[in-house]
Amino acid sequence: MLENIVKEQSKRGDRRKMDGLILAGGKSSRMGGSHKGDLIYQKETFLERIIHEFQKEAEMIWISYGAEIRREYPGCQAVQDQYLECGPLGGLQAGLNRCSSQLVMAAACDMPFLEMGMYRYLREQLMEAERTHPELSYAGAVPMVDGRIHPLAAIYRKQAADCFETQIQKGNYRLRDALQCLHILYVDFSGQQAFRQMLRNINTIQEYAVIAESTEENAEAMERIEHDGKEKGNCNLRH
């Protein structure tokens with residue numbers, strides 16, 4: 001009897017384990033060509049901030065770089081896309097295939113405000129939904145705010161990789177379309193201001209300028225971004 005209880009507790013623990021997957025394969029075209037994961041906020045790059053959050057609980061952290069591995073981080077494993085030029089869907093498919101845990105926290109590298117607490121909350125909502133309705137099996141838990149879903153700051157089960165691969169093979173790289181083929185738990189964050197802030201992403205130079213503190217390091221970062229943008233022919237950086 002005791003042995004069975006220990007085994008069941010072990011199974012429950014395994015079901016709660018999570019890997020972290022950071023999607024960093026974008027071209028950052030709206031950031032003047034500077035990689036968004038390298039932007040600095042509060043003395044850390046965006047990527048470093050997400051890594052440090054995931055390190056609080058993740059069994060392993062994976063960084064999806066698309067076709068080219070940009071940088072190695074201690075304690076993290078780099079992943080290259082199996083299907084190139086497919087956007088975030090390709091990164092998710094490749095990353096989920098490589099991950100060892102059945103639950104995987106996904107994070108876009110342009111979301112510096114993400115915290116581990118949000119992913120723990122998503123996991124608890126997922127587990128509670130399946131306890132309440134044991135006949136259901138969800139492929140993931142995705143935040144939703146004011147009717148808009150945020151699939152790049154979500155939890156997915158490893159098995160979702162099969163659906164993502166099928167979608168890619170059809171030539172449809174829209175992640176939202178792929179989610180329609182899965183049984184997803186959508187968790188409404190509309191009334192939770194702290195979580196809403198965590199879901200904020202930084203896509204453009206103007207958005208980065210708003211959050212950048214008036215410190216020397218951020219002034220230098222902005223100057224470097226503008227210089228890179230001008231070299232690439234982007235002359236409308238401040239407009």
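**Aromatic pairs and salt bridges**

Tyr208 is buried, at a relative accessible area of 0%; buried means under 20%, exposed over 50% and partly exposed in between, with a 1.4 Å probe and protein chains only. This is a predicted model, in which local features need pLDDT of at least 70, side-chain atom pairs count only at pLDDT 80 or more, and totals for chains, interfaces and linings use all residues. Residues are numbered from 1 along each chain as its sequence is written, and side-chain values use heavy atoms, leaving out hydrogens and water.

The whole structure contains seven aromatic pairs. Rings of Phe, Tyr and Trp (its six-membered ring) pair if their centres lie within 6.5 Å; planes under 30 degrees apart are stacked, over 60 edge-to-face, and the rest tilted. One of these pairs joins Phe46 and Tyr208 edge-to-face, at 6.1 Å centre to centre and 70° between the planes. Phe46 is in helix 2 (residues 46-54) and Tyr208 in helix 8 (residues 205-211), 162 residues apart; helices are DSSP runs (H or I, at least four residues), numbered from the N terminus. Phe46 is also buried, at 0% relative accessibility.

I turn now to charge. There are eleven salt bridges, each a side-chain nitrogen of Lys or Arg within 4 Å of a carboxyl oxygen of Asp or Glu. Among them, Glu124 meets Arg16 at 2.3 Å, N to O. Glu124 lies in helix 4 and Arg16 in helix 1 (residues 2-16), so this bridge ties together parts 108 residues apart in sequence. Glu124 is partly exposed, at 29%.

Technical notes. Helix = DSSP H or I, 4+ residues; strand = E, 2+ residues; numbered from the N terminus.
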